[in-house]
Structures are given as C-alpha cells and as structure tokens.
Amino acid sequence: MTALAPRRLPSIRRQGPVVALLGPDGAGKGTIIDGLRREMPTALTVIYLGRRRRHPDEPERDRGLHGWSGVLLESAFVCRRVLRAWRILIPGYLAAWRGQIVLCDRHPIEALAIRPRTSRSAAWLERVLFGRLMPWPDAVAVLDAPGEVLYARKHEHSPAVLEHQRQRYRDTFVPRGARLISTVSGVEAAISEASTLVWTALRQRRRW
C-alpha cells in the first residue's frame, strides 16, 4: 500500500505591496505619486496619512501644557492619532490583500523622525504605538531636497526647520532600509527611481 504524501496547504500571502513616501513639506510626494499613477499599469490605491490642516480661524493647540493634565491630554492626543491612522490604513491593507499596489502619502512611522510631544511620557507612548505596533511598509522612500529648496516650493516653516526635518528623515529611515530619492535633479528621474522601488516591492510580494 502506497503511503499518501502529506498535502501542503497553499500559503496565504498578501499580493499587493504597501509603499510609503516620506519627507518634509515640499519634498515632492504628491508630484511623485501623480507620476506613479500614470506609469503603473496595475491597480493602484493612494491613501493620505498626514495631519489634517488647521483652519485659519481654528485656535492653535496649547503647547505649554504642564503636569499630569498635560501628560494625559498629550497621551490622549497620541492615542487619537493612532486610531485615525488605523482607520485609514485598514482599507489600504484590504486593497493590498486584493492585489493592489498601495501608496501611502506620509505614514504614521514618521513619528519616529518628527516627535513634537512636550512630555516624555507622551513621546514614549508615541514611539511605542507608532514605531513598534504600527505595521511597517514593504518599502519606504524618503524624498530628499535641501531646506532652501523645500521652502521655495511651499513657503511652509523655515529653511532651517525644513533642513532639520530633512536630516531627521535621513538619519531615522535610511539606516532602516529606506530608499533615499533626490527630488532636486529632476522630476522624471525621481519618478523613475520611485517606480523601480515599487516594482521591486511588487515582485517580492508576488514572488516573481
């Protein structure tokens, strides 16, 4: 009697990659995504994970919070951001499970580079929730340009602040495997490099 060979269950694997485009304001995330939309012949979903822009009439949050009340308020704000991020990420990952390429315009893991929390407890909570419990993208592109160039494009913040953010993005994500893409030498070159990154992530997901 011939022994029956054990059957292997087919592996369940997400077919679509999740790719995050990171960088300070003016780095060119929207421009690169628009270029990728034109180039990608397969289904593509774009999700935006940046902060909601403040209305001109809306008062700014008090940055001078002190004591336990300040810690609790900031911690609650961090948790609220986590819930908002998950609410946006879940439909994106569902699209990735259907085989679509998902491009993230910003990503919650940016908290690792830019942490504006004033209390140490809230900053620690932000690092844990966004750095360890948040799913890491299949590929990360850090769009790079000098602070003066970033400021000339959008006139937001100051060249010094933008340069500091630029260095934080480079120092935080490039050692973790992110692709550094310059957006100074030309839009088409940057789109081509980002396209190569996306196709590589797609091939790895589908095991081509």
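1. Asp138 is partly exposed, with a relative accessible area of 29% (buried is under 20%, exposed over 50%, partly exposed in between, using a 1.4 Å probe and protein chains only). Keep in mind that this is a predicted model: local features need pLDDT of at least 70, side-chain atom pairs count only at pLDDT 80 or more, and totals for chains, interfaces and linings use all residues. Numbering runs from 1 along each chain as its sequence is written, and side-chain values use heavy atoms, with hydrogens and water left out.

2. Asp138 pairs with Arg14 in a salt bridge, closest N and O atoms 2.9 Å apart (a Lys or Arg side-chain nitrogen within 4 Å of an Asp or Glu carboxyl oxygen). Arg14 sits in the segment before S1 and Asp138 in the loop between H3 and S4, so the bridge ties together parts 124 residues apart in sequence (helices are DSSP runs of H or I, at least four residues; strands are E runs, at least two; both are numbered from the N terminus). Arg14 counts as buried at 9% relative accessibility.

3. Asp138 also bridges to Arg205, here with closest N and O atoms 3.0 Å apart. That pair links the H3–S4 loop to helix H6 (residues 187-206), 67 residues apart. Arg205 is buried, with a relative accessible area of 18%.

4. What else is on the list? The whole structure has nine salt bridges. One of them joins Glu110 and Arg106, at 3.1 Å between the closest N and O atoms, and both residues are buried.

5. Arg132 lies in the loop between helix H3 (120-131) and strand S4 (139-144). At 71% relative accessibility, Arg132 counts as exposed.
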